[in-house]
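Subject: The two-chain structure, and what turned up in it

Hi there,

Here is the structure I promised to pass on. Have a look at it first, and then read on for my notes.

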Amino acid sequence: MKKNVLGLLLTVLLTGAAQAETVFVTLEKDNALAVVDPIIGKLINTVEIGQRPRGIAISPDNKFLYVATSDDNTIKIIDADTLKEVGRLPSGKDPETFALNPAGDRLYVSNEDDRLVTVIDIAKKKVIKQIKVGVEPEGIAASPNNLWVVSASETTNMVHWVDVKTQTIVENTLVDPRPRALSFTADSQQLWVTSEMAGTLMILDVKTKQIVKTIKFDVQGVTADKIQPVGVVIDKDRKRGYVALGPANRVAVINAQTFEVEKYLLVGQRVWNLAFSPDQKRLYTTNGTSNDISLIDLETQTVTKSVGVGTYPWGVAVKP
Amino acid sequence: MRSINLLVQKTFKFLFIIHLVSVSMAYAGAKQTINIAYLTQEQKVPPPLSNLDTFIKDKGVLGAGLAIDDNNTTGQFTGQQFVLKKFIVPLDGNVVDAFNKDIGDQYPYVVVNLPADAINKVADLPAAKQKLLFDVATVDDALRNEQCRANVRHILPSRAMRADALAQYMMKKRWNKWFLVIGATEEDRLFADALRRAAKRFGMKIVEEKTWEHTYDARRTAQSDVAVFTQVDDYDVLVVADEQGRFGEYLEYRTWNARPVIGTQGLTATAWHRTHEQWGAVQIQNRFKEQSGRWMEEADYAAYLAVRAIGEAATRTKSNDLNRLKDYMLSDAFALQGYKGNPLSFRSWDGQLRQPILLAAARSMVAVAPIEGFLHPKTELDTLGYDQPESTCKWSK
């Protein structure tokens, strides 16, 4: 027994010396958080976290995890090392998705049923403001240059541009039906928005707030209604973007310069959310109905492994 | 803790109101108004079959109410205001008079929650010519075929669409031999026709067909009667047509042979069901329940979609003009989010809303039609009901 632990510790230390990182996955139906070592490709721990955990993010200093435990009506602050709860944020009812600002001191939460975006001061654990948005706000993103927070409402079919300074909506862009997730490019010049119902990815120019390009996904052998784009991430050099296609069980690889779809990678079932490894050499996906995560090697553009994590993996965050 | 929560909630509400006021003021000058009428007639309370399901008087109208709120939330950002005016004709009133008198030129869009025999009486009025009517109540295929009208859109799936959805599922399960049991009403006969059409389309066989006669013989109980009634040649599945629910619930677990029941009872085909949670449906179920204090019924869903269709067309065209909205709704660009995965749209040949159909048991969502594998050159949704080549509707849009 002791030997085993020592052996494991040794492996962790050895591999850790090269590239240690930890992947955290919220398990919606297990009320738990899965902890995965993606280098050895193993589930190393599962901890109870609260009722119906969904959205997850890590603080810029990597010390804290924020986890929306929807049925507890709160966002929990979790120590990223001990995985113990250290506080709760007043998220409003049924929190699902949220965004951290670049400084990591503000949290923007979508309150789907109340048509609101709640702005929280993390240090004070206080609501600073509530911004009225469209029907069923879901996807939300903060621009890396800290000028914009954008909220997508699924039933209003709009993205709402919130000016961070004034905390008010200054513009609305009509987009394809049921916009789900959105992500800024690292240079804050583009906003990428997915539409679940149209099966599209829209690229918006941040200056004009208009759609400059719409990419329609088309996977051979998969009917159009199964192509439901959700999570979207773009690498920091804006070379490639990646979109999770839900029940199409694929991740689309998009050339972020030409906007061509280069490849569809087959992953687990109902792939929903995505996260890069800190060095952006790997991509991790949560696959809701196959109860696993896929590990993608981005240099070779191949899926290298799937790791079973628990029931309904939803969100994913990575700690270096 | 609770009192703090309450305080926080109150503060939110207060902030919310302030915000509403400021938003409406911001757009006060530039509003475009879209006037929608909702027309219905009070219904006689039917005899209760079971104490489990109480009669719901306001089916439909609460769905329209939720949709108007959704439209206006969007309208805040686009400078459009949607107004819903309800006209509820009393039991002994006359809908035609009400339509002529109350729904004047002011309302180009009318959501109509009336029985099948009344819809065309209204649609054919001179006052209705320059209007678009949204039928949120009927399921009659005749109204979508030979009796179709250019100024009417049908939101609920027709009987043929429902029967096709059921047939696809039975085909997938290889329940090929049907025992068709039909009630005594005209509606039941129409649904039986739709089932026969579906059986033919999907190569299923109706091996036995019987009509359920209602008798008042005290010696006959559901327990004994159904067992005797269902002693027929072997079959895979009992398919029942009983739209009013007058006997269908008695069939399950009482048949002579152990066979599943499907149709208007048992596994049913419906536009909406309380067990439906996928594709964001749980959100609208919650929002509706919070607003109305009860589950969303099919008629509520239909009225919701009708008002949302108007909203979606007005938002995308930035217009309130009847002809522009009408054209847009029939165009390929129109895509209505209906919480059922596929975007919903109108069939250009008969004004029927194209949509997935839920196959639901009382407490479980069993499948969603079109069932995987049923293919169509344009959209799989058109494997349900009357496709363009089969349609006998003749109106030029």
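Before the first residue comes up, one definition: helices (at least four residues) and strands (at least two) are DSSP runs, numbered from the N terminus. Please also keep in mind that this is a predicted model.

Let me start with a single spot in chain B. Ala127(B) sits in the loop that links helix 4 (116-123) to strand 4 (132-135) of chain B. Once neighbours within four places in sequence are set aside, Ala127(B) is in contact with Phe99(B) and Asn100(B). As for Glu290(B), 163 residues separate it from Ala127(B) in sequence, and the C-alpha to C-alpha separation in space is 37 Å.

Now to chain B as a whole. Chain B contains 10 helices and 14 strands, and 46% of its 397 residues count as buried. If you take the contacts in chain B between residues at least 6 apart in sequence, 68% of them join residues at least 24 apart.

Where the two domains touch, six residues of domain 1 of chain B are in contact with eight residues of domain 2 of chain B. On the domain 1 side, those residues comprise two nonpolar, one polar and three charged.

Next, the nonpolar cores. The largest one has 110 residues, and the members with the most contacts inside it are Ile36(B), Val111(B), Val136(B), Val307(B) and Leu359(B). Helix 9 (residues 298-317) of chain B gives the most to this core, namely 12 residues. Both domain 1 and domain 2 of chain B supply at least three residues each. Leu359(B) is worth a click in your viewer: leaving aside neighbours within four places in sequence, its contacts include Ala165(B), Leu166(B), Tyr169(B) and Leu267(B), as well as Val366(B) and Val368(B). Apart from this core lies another, of 88 residues, with Ile78(A), Leu107(A), Val133(A) and Ala181(A) among them.

How do the chains meet? On each side there are 21 residues: 21 of chain B are in contact with 21 of chain A. Helix 1 (2-26), helix 2 (61-78) and helix 8 (281-292) of chain B each bring at least two residues to the side that touches chain A. Helix 1 of chain B gives the most, with six residues. By type, that side of chain B has eight nonpolar, 10 polar and three charged residues.

Finally, a sheet in chain A. Four strands of chain A form an open antiparallel sheet in the order 8-9-10-11. Strand 8 (98-100) and strand 11 (126-132) of chain A are the edge strands, each pairing on one side only. On average, neighbouring strands of this sheet are turned by 20° against each other, direction ignored. Strand 10 (residues 116-121) of chain A pairs with strand 11 of chain A over six bridges, in the antiparallel sense. Within that pair, Val119(A) has Lys129(A) in strand 11 of chain A as its bridge partner.

Happy to talk any of this through.

Best wishes

How values were computed:
Residues numbered from 1 in each chain as written. Chains lettered and ligands numbered in written order. Predicted model: local features only at pLDDT ≥ 70, side-chain atom pairs only at ≥ 80, totals over all residues. Contact = placed C-beta atoms within 7 Å. Nonpolar A, V, L, I, M, F, W, Y, C, P; charged D, E, K, R; others polar. Pairing = 2+ DSSP bridges. Axes fitted to C-alpha atoms, helices over the stretch in contact; angles between N-to-C directions. Buried ≥ 20, exposed ≤ 12 C-beta atoms within 10 Å, placed from the backbone. Core = buried A, V, L, I, M, F, W, Y, C linked by C-beta atoms within 7 Å. Domains from an automatic or database assignment.
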